[in-house]
Amino acid sequence: MKLIKIGLYYQFPAVNLYKSAVLMELGDVLNSRRLYTELPDRLKYTSLGDRIDKSLKLLQEGARVIVRDRRGLILGTLDKNRTFQFYRREYRDYLQPIVIHELINSTMKRSIRLSIDIELSRAARNSLSSNSGSIVLVNPETGEILAAVSDHKTKKKMGKHSSPAFEQMLEPASISKLITTTAAFRDKLDPEKEIAGKKCRGSRRYNGKILWCPTALEELDGFDEALAVSCNTSFADLGVKLGWDKMLAELRLFGFDSQVSNPFSLGKIIIPNGDNRSLADLSIGLENTIISPVHGALIATVFANEGYWMYPRLIHSSDGY
């Protein structure tokens with residue numbers, strides 16, 4: 001019904017606008033171009049007419065594959081040699097080299113729609129301001145990566161062709177406290193009962209080696225407060241009580257030591273055994289584990305998706321030109 005109304009408004013020639021679009025979608029560029037050329041200007045200047053026009057021009061310039069973001073914004077093209085060309089220079093800040101590598105190696109023939117959302121990527125990049133780091137946004141229900149951006153200082157430090165959001169490895173720190181908590185639940189330990197009433201004095205020794213806390217409280221109300229103040233010793237004690245085997249098994253459930261290859265470099269367990277001090281470090285994400293920004297985001301999706309791990313994706317779909 002919507003198509004009929006639009007057709008009547010434009011006095012039937014609008015039908016050829018939609019025919020041109022359908023032929024473009026099916027890959028019949030020759031006939032799509034013929035119908036588009038015959039359209040009156042008032043139809044060429046519509047949003048659909050503009051999209052057809054841009055696609056035809058890119059194809060005429062040598063594009064074989066047109067790459068768009070998840071909303072349909074043109075990001076660039078691949079030519080017959082699978083060389084990628086950015087549609088706008090600014091998009092270099094939002095598509096890290098690993099994403100381009102995935103495009104080049106994709107088997108899709110005509111059009112690739114990435115999971116990346118340029119508007120979200122721009123907002124994420126701007127939010128970094130003068131800070132160093134990376135931001136990765138993931139759809140928890142699908143695993144699609146919506147944004148993966150880094151500041152220029154981090155990229156320069158790692159190298160011109162680096163992709164820090166996918167490759168930079170750092171300690172997971174307090175992210176690991178959530179994994180230690182799930183390990184406790186899996187072992188039928190109640191973190192609330194284990195932590196409530198504990199005294200956090202700002203440090204504790206494990207095997208004679210001191211572990212510091214960022215805060216010191218006489219008594220913790222429970223799990224919520226320990227997490228809020230990032231009490232290291234509370235979660236270290238929890239991990240030590242669980243033991244090496246259960247902690248390692250839980251970390252591996254969350255992707256550590258996975259064989260998943262680039263562009264999704266996941267975290268590593270550096271030290272898989274040792275004394276209680278090493279186990280304490282493992283339980284709070286210090287020294288014994290490393291993680292990439294994209295892996296950190298994927299861990300967050302587990303908690304946002306009712307406990308389900310989603311395999312990460314960069315390509316949303318394939319469609320016509």
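**Cysteines**

I started at Cys-213, which is buried, with a relative accessible area of 12%. I am working on a predicted model. Next I looked for disulfides and found zero in the structure. Cys-213 is in no disulfide, and its nearest cysteine sulfur, that of Cys-200, lies 3.5 Å away. I then turned to Cys-231. The cut-off I applied is 2.5 Å between the sulfur atoms. Cys-231 is also buried, and its relative accessible area is 0%.

**Helix 16**

I looked up helix 16, which runs over residues 293–304 and has 12 residues. From first C-alpha to last I get 17 Å, close to the 16 Å expected at 1.5 Å a residue. Which residues of this helix are buried? I noted Val-294, His-295, Gly-296, Ala-297, Leu-298, Ile-299, Thr-301 and Val-302. I then checked what covers these buried residues. The cover includes two strands, strand 5 (134–138) and strand 6 (145–150). It also includes helix 9 (164–167) and helix 10 (175–186). I followed the chain past the end of the helix. Just after helix 16, Glu-306 takes a positive phi of about 55°.

I traced an open sheet of five strands, in the order 3-2-1-4-11. Its pairing is mixed. Which strands sit at the edges? They are strand 3 (84–86) and strand 11 (315–319), each pairing on one side only. From one strand to the next, I find a twist that averages 25°. I took a closer look at strand 2, residues 74–78, beside strand 3. These two pair in the antiparallel sense over three bridges. In this pairing, Gly-76 stands opposite Phe-86 of strand 3.

**Whole chain**

I finished with the overall picture. The protein has 16 helices and 11 strands. How does the radius of gyration stand against that of a compact globule? The protein has 26 Å, whereas a compact globule of 321 residues would have a value near 20 Å. The C-alpha trace spans about 85 × 45 × 35 Å along the principal axes. I also checked burial across the protein: buried residues make up 47% of the 321. Last, I looked at contacts between residues at least 6 apart in sequence. Of these, 62% join residues at least 24 apart.

Definitions and conventions: Residues numbered from 1 in each chain as written. Predicted model: local features only at pLDDT ≥ 70, side-chain atom pairs only at ≥ 80, totals over all residues. Heavy atoms only, no water. Helix = DSSP H or I, 4+ residues; strand = E, 2+ residues; numbered from the N terminus. Expected span 1.5 Å × (residues − 1). Buried < 20%, exposed > 50% of the residue type's maximum accessible area, 1.4 Å probe, protein only. Contact = heavy atoms within 4.5 Å. Pairing = 2+ DSSP bridges. Axes fitted to C-alpha atoms, helices over the stretch in contact; angles between N-to-C directions. Rg over C-alpha atoms; globule rule 2.2 N^0.38 Å.
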